[in-house]
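Welcome to this short briefing, and please take a moment with the sequence and the 3D view before you read on. The notes that follow go topic by topic.

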Amino acid sequence: MRKILNITDFSTNEENKKMMKYYCDKYNFKGFELIKFDLQKDNASLNNLIEGYHMRFFPMWLDIYLGKYEILREKFKEKQEIFYWCGGNSREELIDYYKKELKTAEKLEVEYVVFHACYVDDEGSLIYEFPYSDRDVLQNVVALLNDIFEDKKYKFKLLLENLWWPGLRLTSKKEIEFLLNNIKYKNIGFMLDTGHMLNNEPKLRTMDEGIEYIEKNIDEIGELKKYIKGVHLNFSLSGKYLSDAIERHKNSLIEREETLNNIYSHVSQIDQHLPFEDIRIVKILENLPLDWVVYEFIYYNNDDLENKVKSQDKILKTLNFK
């Protein structure tokens, strides 16, 4: 398995090259997973170190995919808002955006792409009442992926990532079997996000409970764990915050409005993206057929990132990276 680090295209190519060289030389990273927010920006000069490509997640993509145009245009007054939440102002625009992402990933010669198999609407992210079930979302994930991949063959593997809102949670065989049996693109696997998995269960309060929860879910998956080819390694234990936030938002429209105006802060308090600082995670990783372990952190400056990398390295020092 290879150790890689997540990056964005917010920095220039030269800035990213400098950062990538530093982390490869000092911390033995073998590559990087890139998420792009500007498809016009050419990152081809980074090809030799970009191993994976993280496709963008548009939380309410399913509404535009199902053609709920009038409702969305009433809800969001600006086209840019609809794009931010839905990935386009029509079903065709959403599909076209993702097709462009696949072309970009192909040009970057990546080994895998990651797709969030999930949906969440703005109100649902606050009160945890959703218009679609897990099955509804997964059925449409299949349809969307079949639309954007068509019958094209790419060299890269498609890895579906679990989240904690409706969609893929990686907690049962049924959801995995459904996706494997119905997505036409066959070079497919899964990206286990450890923090997202912990976010599934708001009752978790301790590291011991978190470790047990991850182990229980992997046991439930059974032999299908062979399809888990990558891990977004991070830690989140935010159940207390989430439980309090749901009650607060259910009881106050003012609280909802304030949080929606600062939605990133709310989501980052749920999905903390901290280093996973418990040695027991090593055994969990060793028991999966991983090709990639991705250090995926939220960080606020270079020192913060480096400190988190050091913390994660300290725990994983016995792991056999290539």
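On a 1 Å grid over the protein atoms alone, a pocket is an open set of points with protein on both sides within 12 Å along at least five of seven lines, a cavity is a set of points where a 1.4 Å probe fits but cannot get out, and lining residues have an atom within 4 Å of a point. Grid points are joined across faces, edges and corners, and a volume is the space filled by probe spheres set on the points. With that in hand, the largest pocket holds about 1600 Å³ of space.

This is a predicted model, in which local features need pLDDT of at least 70 and side-chain atom pairs count only at pLDDT 80 or more, while totals for chains, interfaces and linings use all residues. Residues are numbered from 1 along each chain as its sequence is written, and side-chain values use heavy atoms, with hydrogens and water left out.

**The largest pocket**

- The largest pocket is lined by 47 residues, and the closest to its centre are Thr8, Phe10, Ile35, Phe37 and Ile298.
- Helices (H or I, at least four residues) and strands (E, at least two) are DSSP runs, numbered from the N terminus.
- Two or more lining residues of the largest pocket come from each of β1 (2-8), α1 (13-27), β2 (31-35), α4 (79-86), α13 (263-270) and α15 (302-315).
- Which element gives the most to this lining? That is α1, with 6 residues.
- For the classes, Ala, Val, Leu, Ile, Met, Phe, Trp, Tyr, Cys and Pro count as nonpolar, Asp, Glu, Lys and Arg as charged, and the others, Gly among them, as polar.
- Sorted this way, the lining of the largest pocket has 25 nonpolar, 12 polar and 10 charged residues.

**The cavities**

- Searching the whole structure turns up 2 cavities of 30 Å³ or more.
- The largest cavity has about 50 Å³ of space, and among the residues lining it are Leu198, Asn199, Glu201, Pro202 and Leu242.
- Both α9 (194-199) and α11 (239-251) give two or more residues to the lining of the largest cavity.
- That lining has 5 nonpolar, 4 polar and 1 charged residues.
- The second largest cavity has a volume of about 30 Å³, and Lys99, Lys103, Ile148, Glu150, Lys152 and Tyr154 line it.
- In the lining of the second largest cavity, 2 residues are nonpolar, no residues are polar and 4 are charged.

**The barrel**

- Strands of a sheet pair through backbone hydrogen bonds, either parallel or antiparallel.
- Here, 8 strands form a closed barrel in the order β1-β2-β3-β4-β5-β6-β7-β8, with parallel pairing; two strands count as paired if DSSP finds at least two bridges between them.
- On average, neighbouring strands of this sheet are turned by 30 degrees against each other, direction ignored.
- Axes are lines fitted to C-alpha atoms, for helices over the stretch in contact, and angles run from 0 to 180 degrees between N-to-C directions.
- Helix α1 lies across β1, β2 and β3 (50-54) and runs at about 155 degrees to β1; contact means heavy atoms within 4.5 Å.

**A closer look at β4 and β5**

- Strand β4 (residues 112-116) pairs with strand β5 (residues 157-161) in the parallel sense over 5 bridges.
- Across this pair, Tyr112 has Lys157 as its bridge partner, Val113 stands opposite Leu158, and Val114 stands opposite Leu159.
- Buried means under 20% relative accessible area, exposed over 50%, and partly exposed in between (1.4 Å probe, protein chains only).
- In β4, 5 of its 5 residues are buried, with Tyr112, Val114 and His116 pointing one way and Val113 and Phe115 the other way.
- In β5, 5 of its 5 residues are buried too, with Lys157, Leu159 and Glu161 pointing one way and Leu158 and Leu160 the other way.

- Where does Tyr299 lie? Tyr299 is in the loop between β8 (292-295) and α15.
- Tyr299 counts as partly exposed because its relative accessibility is 30%.
- Leaving out residues up to four places away in sequence, Tyr299 touches Met19, Asp304, Leu305 and Lys308.
- The C-alpha atoms of Tyr299 and His273 are separated by 8.6 Å, and the two residues are 26 residues apart along the chain.
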